[in-house]
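Here is a short briefing to read alongside the model. Please keep the viewer open as you go.

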Amino acid sequence: MSSWECGVCSYVHKDEAAPEKCPVCEAPPKMFVQLPEEIAPVAETASAEGGEVAPVSPAVAPAEAGAPTPAVPTAEAAAPSPAVPSAEAVAPTTNRRWRCTICGYIHFGDEPPEKCPACGALKNLFVEIDAAGNEIAGPREEPAENGVAVSPGAKPAVAAGPGLFDRLAGLVLKFHLHPITVHFPNGILPAAVVFLLLASFFKIAILENAAYFNLIFVLVMLPAVLLTGYMEWQKRYKGLRSAIFITKILCSLIVLTTVNILVFWRLIDPTVASEGSPYQLIYLGIALLMLAAAGIAGHLGGKLVFAARQ
């Protein structure tokens with residue numbers, strides 16, 4: 001059975017031929033690429049075809065009458081031809097694969113990396129997988145309760161059912177609610193900042209009003225964005241506190257703070273962003289800081305989402 005990888009979304013299909021369309025992104029069959037087979041069968045084939053030549057026994061069966069006696073091959077004749085590569089020559093240095101259990105990044109090597117280059121997860125959060133992406137079962141540590149190892153004969157504790165938070169987080173992941181909610185403010189924030197800049201340079205008051213109303217909409221959407229983001233961080237990424245997640249959280253808090261400042265400052269002082277206001281440049285600076293923080297958070301989010309395709 002062959003393995004086929006979708007060139008659009010990296011979905012892996014196992015069959016003799018590529019599917020009619022990708023079940024994930026609906027890409028046509030021409031977008032699928034056949035994955036190479038495992039190295040072990042290749043090495044065996046190379047050995048059978050001449051990678052290693054079995055020694056010829058000196059005992060020769062009785063020849064037929066009149067037939068010439070076959071010559072016993074010498075060591076030089078029995079040696080493999082230099083033109084035929086040996087099994088060691090055709091096999092790569094390693095064919096082991098390791099997948100980060102946090103973000104799905106794939107690493108090739110004898111050992112997993114000390115730290116995931118995508119999300120910063122440590123070495124112990126990698127699992128070994130095969131060419132099809134299935135986890136290779138390995139020795140597992142004995143379960144522990146409160147740091148004390150459980151003896152093999154002990155009766156395992158009954159696992160409690162998922163709580164309300166786990167059920168809600170599962171729905172967030174199932175319906176991709178965080179990417180959906182975060183797209184609204186990510187699309188509106190640049191428009192609000194552009195409106196503010198245009199209103200300042202060209203003295204168009206209606207654009208400044210448009211920026212203000214857009215910021216109000218972003219402020220209304222932020223609680224849903226932050227809540228779904230927190231649930232996805234805890235459920236999918238196991239609450240990992242690496243540099244990428246800490247930076248993303250800080251940027252999200254900066255966006256939340258700056259949006260509140262821009263909206264409520266404008267509510268208290270309607271002329272704060274207008275021409276002649278002594279605070280106009282400060283107001284614009286806060287808006288640019290908000291946009292930069294949102295851009296960094298979006299970049300890191302995209303890095304996590306597409307880590308498995310790097």
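The points below cover a sheet, a pocket and some salt bridges.

This is a predicted model, in which local features need pLDDT of at least 70 and side-chain atom pairs count only at pLDDT 80 or more, while totals for chains, interfaces and linings use all residues. Residues are numbered from 1 along each chain as its sequence is written, and side-chain values use heavy atoms, with hydrogens and water left out.

**The sheet**

- Three strands make up an open sheet, ordered β5-β4-β6, with antiparallel pairing. Strands here are DSSP runs of E with at least two residues, helices are runs of H or I with at least four, and both are numbered from the N terminus; two strands pair if DSSP finds at least two bridges between them.
- At the edges are β5 (106-108) and β6 (126-129), each of which pairs on one side only.
- From one strand to the next, the twist averages 35 degrees; axes are lines fitted to C-alpha atoms, for helices over the stretch in contact, and angles run from 0 to 180 degrees between N-to-C directions.
- Strand β4 (residues 97-100) is joined to β5 by three bridges, and the two run antiparallel. Across this pair, Arg99 faces Ile106 and Arg97 faces Phe108.
- The hairpin of β4 and β5 has five residues between its strands, and Gly104 there adopts a positive phi near 90 degrees.
- Four bridges link β4 and β6, again in the antiparallel sense. Arg97 has Ile129 as its bridge partner in β6.

**The second largest pocket**

- The second largest pocket has a volume of about 750 Å³. On a 1 Å grid over the protein atoms alone, a pocket is an open set of points where a 1.4 Å probe fits, with protein on both sides within 12 Å along at least five of seven lines, whereas a cavity is a set from which the probe cannot get out; lining residues have an atom within 4 Å of a point. Grid points are joined across faces, edges and corners, and the volume is the space filled by probe spheres set on the points.
- Of the 31 residues that line this pocket, His178, Val182, Gly229, Lys248 and Ser252 are the closest to its centre.
- Helices α5 (177-202), α6 (205-235), α7 (243-268) and α8 (280-305) each contribute at least two lining residues. α7 gives the most, with eight residues.
- By type, the lining has 21 nonpolar, eight polar and two charged residues (Ala, Val, Leu, Ile, Met, Phe, Trp, Tyr, Cys and Pro count as nonpolar, Asp, Glu, Lys and Arg as charged, and the others, Gly among them, as polar).

**Salt bridges**

- The structure has four salt bridges, each being a side-chain nitrogen of Lys or Arg within 4 Å of a carboxyl oxygen of Asp or Glu.
- One of them pairs Glu128 with Arg96, their closest N and O atoms lying 2.9 Å apart. Glu128 is in strand β6 and Arg96 in the loop between α3 (87-90) and β4, so the pair ties together parts 32 residues apart in sequence.
- Another joins Arg266 and Glu208 at 2.6 Å, N to O. Because Arg266 sits in helix α7 and Glu208 in helix α6, this pair ties together parts 58 residues apart in sequence.
- Arg266 and Glu208 are both buried (under 20% relative accessible area, with exposed over 50% and partly exposed in between, using a 1.4 Å probe and protein chains only).
- Glu232 pairs with Arg236, the closest N and O atoms being 3.0 Å apart. Glu232 counts as buried at 8% relative accessibility, whereas Arg236 counts as partly exposed at 32%.
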